[in-house]
Amino acid sequence: MRLPYVPTPPIPANAEEAAIIERTLERRGDEGLIPLDLALLHSPAITNGWNSFMGAIRTKTSISADLRELAICRVAALNRAHFEWIQHYPLALEAGISMKGLKTIRDGTPGDLNEKQIAVLDFTTASTKDGHVADMIFEGLKKHFSDKEIVEIVATVAAYNCVSRFLVALDVAEGNGVSVADYPMK
């Protein structure tokens, strides 16, 4: 990492920071604080907002786990966010993405994704690489998803682009920026 991680356990400066640390620990559960948290906690206020926003993205949307993890893993691969990939590719497999599908997500090669998954993959790729999403790609989302689901997919892709850029810029957990061909797959 390009900065030192905060100490483990973090040392709060006041009661407000202690509450933020506690909420972060609650969100992580048995896993405890991960390197991302130990980087974010340099700014408890940012950590607090991050936890709220990312908690909603991860647990309060109506999109299925396979689509959420597909989008997150595609963002990780495109932005070479190794730590993000390591955290989420097992979740993609657990959510039902096949190894061939995971390879498609990682490398952009043809695979065995269904139409909904391909629509999310195409949107994620366009949004992450270019920012601008062509009407034809957006129509692919509209064909399969409600307005609410589209907002949630777009928010998930945008949120994890934020995460990946944070991870890569600070090299959180080290190893970011390496070739995606080197990213593990069980």
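Visitor: Let's start with Thr 24: does it count as buried or exposed, and why?

Guide: Happy to, and keep in mind that this is a predicted model. Thr 24 has a relative accessibility of 1%, so it counts as buried. You'll find Thr 24 in helix H1, which covers residues 15-28. If we skip its neighbours within four places in sequence, Thr 24 is in contact with Leu 33, Asp 37, Thr 47 and Asn 51.

H3 spans residues 44-59, and its axis comes within 10 Å of the axis of helix H9, residues 147-170. The two axes cross at roughly 135 degrees, and H3 and H9 are therefore oblique to each other. Their crossing is left-handed. On the H3 side, the contact is made by Trp 50, Phe 53, Met 54, Ile 57 and Arg 58. H9 brings Ala 155, Thr 156, Ala 159, Tyr 160, Cys 162, Val 163 and Phe 166. Sort the residues of this contact by type and you get 10 nonpolar, one polar and one charged.

H9 has another partner to show you, helix H4, which runs over residues 65-78. Here the axes come within 9 Å and cross at roughly 35 degrees. This time the crossing is right-handed. H4 makes the contact with Arg 68, Ala 71, Ile 72 and Val 75, while H9 uses Thr 156, Val 157, Tyr 160, Asn 161 and Ser 164. That contact divides into five nonpolar residues, three polar and one charged. Look back at the lists and you'll spot Thr 156 and Tyr 160 of H9 in the contact with H3 and again in the contact with H4.

Now follow the chain past the end of H9. Asp 171 sits in the segment after that helix, and its phi is near 55 degrees, a positive value in a residue other than glycine. Glu 174 lies in the segment after H9 too, with a positive phi of about 55 degrees although it isn't a glycine. Why mention that? Most residues other than glycine have a negative phi, and most peptide bonds are trans. Glu 174 has 38% relative accessibility, so it counts as partly exposed.

Met 1 lies in the segment before H1. Neighbours within four places in sequence aside, Met 1 is in contact with Ala 39, Leu 170, Asp 171, Val 172 and Glu 174. As for Thr 128, 127 residues along the chain from Met 1, the C-alpha atoms of the two are separated by 24 Å. The segment before H1 holds Pro 9 as well, and the peptide bond from Thr 8 to Pro 9 is cis, with omega near 0 degrees.

One last stop: the aromatic rings. The structure holds two aromatic pairs. Trp 85 and Tyr 89 form a stacked pair, with 5.8 Å centre to centre and 20 degrees between the planes. Both residues belong to helix H5, residues 82-94, and they are four residues apart, about one turn of the helix. Like Thr 24, which is buried, Trp 85 and Tyr 89 are both buried.

Conventions
Residues numbered from 1 in each chain as written. Predicted model: local features only at pLDDT ≥ 70, side-chain atom pairs only at ≥ 80, totals over all residues. Heavy atoms only, no water. Phe/Tyr/Trp six-rings, centres within 6.5 Å; stacked < 30°, edge-to-face > 60°. Helix = DSSP H or I, 4+ residues; strand = E, 2+ residues; numbered from the N terminus. Buried < 20%, exposed > 50% of the residue type's maximum accessible area, 1.4 Å probe, protein only. Axes fitted to C-alpha atoms, helices over the stretch in contact; angles between N-to-C directions. Parallel < 35°, antiparallel > 145°, perpendicular 65-115°, else oblique. Left-handed = near helix turned anticlockwise from the far one by under 90°. Contact = heavy atoms within 4.5 Å. Nonpolar A, V, L, I, M, F, W, Y, C, P; charged D, E, K, R; others polar.
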